[in-house]
Amino acid sequence: MAAAGYSGISFILKTQTVFFNSVKVVRKGIMNNRDKEATEEMKKKELKIIVDLHAGKASAKVLTCD
């Protein structure tokens with residue numbers, strides 16, 4: 001969420017949703033105490049992070065590795 005804020009784009013934080021794979025970790029801009037489930041998802045070989053700003057139809061995909 002911090003990276004989205006630093007990006008310079010305009011969005012309403014109260015509408016933001018974030019998923020780690022299928023685990024919703026942020027709903028309407030608020031963490032939803034799914035830390036244990038999120039931690040398990042981050043241990044997997046692949047992690048898909050979806051940030052939905054609910055600000056239009058545009059999308060982007062980034063592939064990365066560590």
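Asn21 takes a positive phi near 55° in the hairpin of E1 and E2, which has two residues between the strands. This is a predicted model, where local features need pLDDT of at least 70 and side-chain atom pairs count only at pLDDT 80 or more, while totals for chains, interfaces and linings use all residues. Residues are numbered from 1 along each chain as its sequence is written, and side-chain values use heavy atoms, with hydrogens and water left out. Here's a quick look at the strands, the pocket and the salt bridges.

**Strands and hairpins**
- Strands (E, at least two residues) and helices (H or I, at least four) are DSSP runs, numbered from the N terminus.
- E1 and E2 (residues 23–27) run antiparallel, with three bridges joining them; two strands pair if DSSP finds at least two bridges between them.
- Phe20 has Val23 in E2 as its bridge partner.
- E2 also runs antiparallel to E3 (residues 30–31), this time with two bridges.
- Arg27 sits opposite Ile30 in E3.
- The hairpin of E2 and E3 has two residues between the strands, and Lys28 takes a positive phi near 55° there.

**The largest pocket**
- The largest pocket holds about 1300 Å³ of space.
- Its lining counts 31 residues, and the closest to the pocket centre are Ile49, Ile50, Val51, Ala60 and Val62.
- Helix H1 (2–6), strand E1 (17–20) and strand E4 (49–52) are the elements that give two or more residues to the lining.
- E4 supplies the largest share of that lining, with four residues.
- A pocket is an open set of points on a 1 Å grid over the protein atoms alone, where a 1.4 Å probe fits, with protein on both sides within 12 Å along at least five of seven lines; lining residues have an atom within 4 Å of a point.
- The volume is the space filled by probe spheres set on the points, which are joined across faces, edges and corners.

**Salt bridges**
- The structure has three salt bridges, each a side-chain nitrogen of Lys or Arg within 4 Å of a carboxyl oxygen of Asp or Glu.
- Arg34 pairs with Glu37 at 3.4 Å, N to O.
- Lys43 and Glu40 form another, with their closest N and O atoms 3.4 Å apart.
- Glu41 joins Lys44, and here the closest N and O atoms are 3.2 Å apart.
- Glu41 is buried, at 11% relative accessible area, whereas Lys44 is partly exposed at 45%; buried means under 20%, exposed over 50% and partly exposed in between (1.4 Å probe, protein chains only).
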